Amino acid sequence: MSQKILIVEDDHHISAMVKGALEREGFEATAVFDGEQALTRLKSHTYSMILLDLMLPKLDGMECLKIIRSTSMVPILIMSAKDEDLDKALGLGFGADDYISKPFSMIELLARIKAILRRQAHYMNVAVPTQNEDHVIHIGNLMVNLHSFSVLKNGENVALTAKEFHILKLLISNPSNVYTKSQIYQAVWKDDYHGDENVINVHIRRLREKIEDDPSHPVYIKTLWGIGYKLGDVS
């Protein structure tokens with residue numbers, strides 16, 4: 001079966017070009033033109049990936065992203081002419097998997113889409129433990145289930161994005177290790193690190209906001225200044 005991709009883009013010309021390029025590559029592509037249409041579509045359909053513009057009518061892309069991420073870990077690639085670092089940080093912090101700036105080439109867009117889907121397939125294939133593995137880890141007031149990709153804090157569900165979960169999994173699976181930003185990026189993004197520290201910083205900050213009692217004084221994710229991050233000494 002072909003993979004289904006939802007295009008959320010209000011520019012009909014761009015939408016048509018992207019849809020045509022995806023279909024020529026064997027994807028099944030559906031186009032909607034505002035945030036409300038996207039959320040309505042997602043209530044009754046499942047997609048392998050979402051391409052999301054930020055500047056959308058009725059419901060802007062950032063709000064749409066936050067709503068989607070509250071219930072789903074579907075890969076999301078932001079497409080936008082807004083190229084400021086703040087927008088990238090916000091988009092990635094709210095759970096986007098990647099960001100491409102307009103104008104972009106179809107070759108680059110398709111390469112990014114395929115890379116994200118490859119990483120998603122990798123997580124699905126190797127990150128889920130076998131039945132014989134101990135897949136529930138208790139640390140402090142957290143319970144991390146590596147099988148269901150879920151985290152409970154004091155018995156309450158913590159909604160992590162895929163990237164946030166895999167950063168946490170990396171640290172708790174190797175509690176004695178210190179990881180540089182480059183090592184975290186290569187382990188979680190499955191790609192070469194190009195020195196964009198903001199991506200790692202935003203994900204660590206968002207993860208701390210969700211699992212730490214006091215994110216400004218973290219106990220689970222400790223910073224070793226000038227080196228990187230490691231799991232805190234939490235029993």
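Helix H7 (residues 181-189) meets helix H8 (residues 197-211) through Lys181, Ile184, Tyr185 and Trp189 on the H7 side and Glu197, Val199, Ile200, Asn201 and His203 on the H8 side, where contact means heavy atoms within 4.5 Å. The residues of this contact of H7 with H8 divide into five nonpolar, two polar and two charged; Ala, Val, Leu, Ile, Met, Phe, Trp, Tyr, Cys and Pro count as nonpolar, Asp, Glu, Lys and Arg as charged, and the others, Gly among them, as polar. Helices (H or I, at least four residues) and strands (E, at least two) are DSSP runs, numbered from the N terminus. The model is predicted, so local features need pLDDT of at least 70 and side-chain atom pairs count only at pLDDT 80 or more, while totals for chains, interfaces and linings use all residues. Residues are numbered from 1 along each chain as its sequence is written, and side-chain values use heavy atoms, with hydrogens and water left out.

Two packed helices are described by the angle between their axes and the distance between the axes. For H7 and H8, the angle is about 75° and the axes are 10 Å apart. Axes here are lines fitted to C-alpha atoms, for helices over the stretch in contact, and angles run from 0 to 180 degrees between N-to-C directions. H7 and H8 are therefore roughly perpendicular to each other; angles under 35 degrees count as roughly parallel, over 145 as roughly antiparallel, 65 to 115 as roughly perpendicular and the rest as oblique.

Helix H8 also packs against helix H6, at an angle of about 80° and with the axes 10 Å apart. H6 and H8 are therefore roughly perpendicular as well. Lys163, Glu164, Ile167 and Leu168 of H6 make this contact with His203, Ile204, Arg206, Leu207, Lys210 and Ile211 of H8. By class, the contact of H6 with H8 has five nonpolar, one polar and four charged residues.

The structure holds two aromatic pairs. In one of these pairs, Tyr185 and Trp189 are stacked, at 4.8 Å centre to centre and with 5° between the planes. Rings of Phe, Tyr and Trp (its six-membered ring) pair if their centres lie within 6.5 Å; planes under 30 degrees apart count as stacked, over 60 as edge-to-face and the rest as tilted. Because Tyr185 and Trp189 are four residues apart in H7, about one helical turn separates them. Both Tyr185 and Trp189 are buried, a word that stands for under 20% relative accessible area, with exposed over 50% and partly exposed in between (1.4 Å probe, protein chains only).

A nonpolar core is a set of buried Ala, Val, Leu, Ile, Met, Phe, Trp, Tyr and Cys residues joined through side-chain atoms within 4.5 Å. In the largest such core, of 27 residues, Val151, Leu160, Ile167, Leu168, Ile184, Ile211 and Ile221 touch the most other members. Strand S7 (142-145), helix H6 (162-173), H7, H8 and strand S11 (228-231) each supply at least two residues of this core. H6 gives the largest share, six residues. A second, separate core has 21 residues, including Tyr47, Met62, Ile76 and Phe94.

Leaving aside neighbours within four places in sequence, Ile211 is in contact with Leu142, Lys153, Val158, Leu160, Leu168, Tyr220 and Ile221. In the loop between S8 and strand S9 (156-158), Asn154 has a positive phi, near 55°, and counts as exposed at 56% relative accessibility.

Elsewhere, Ile113 is found in helix H5 (residues 106-126) and is buried, with a relative accessible area of 0%. Ile113 and Leu51 are 62 residues apart in sequence, yet 8.9 Å apart in space, C-alpha to C-alpha. Pro103, in the loop between strand S5 (98-101) and H5, is joined to Lys102 by a cis peptide bond, with omega about -5°.

As for the whole protein chain, the secondary structure comes to eight helices and 11 strands. Buried residues make up 46% of its 235 residues.
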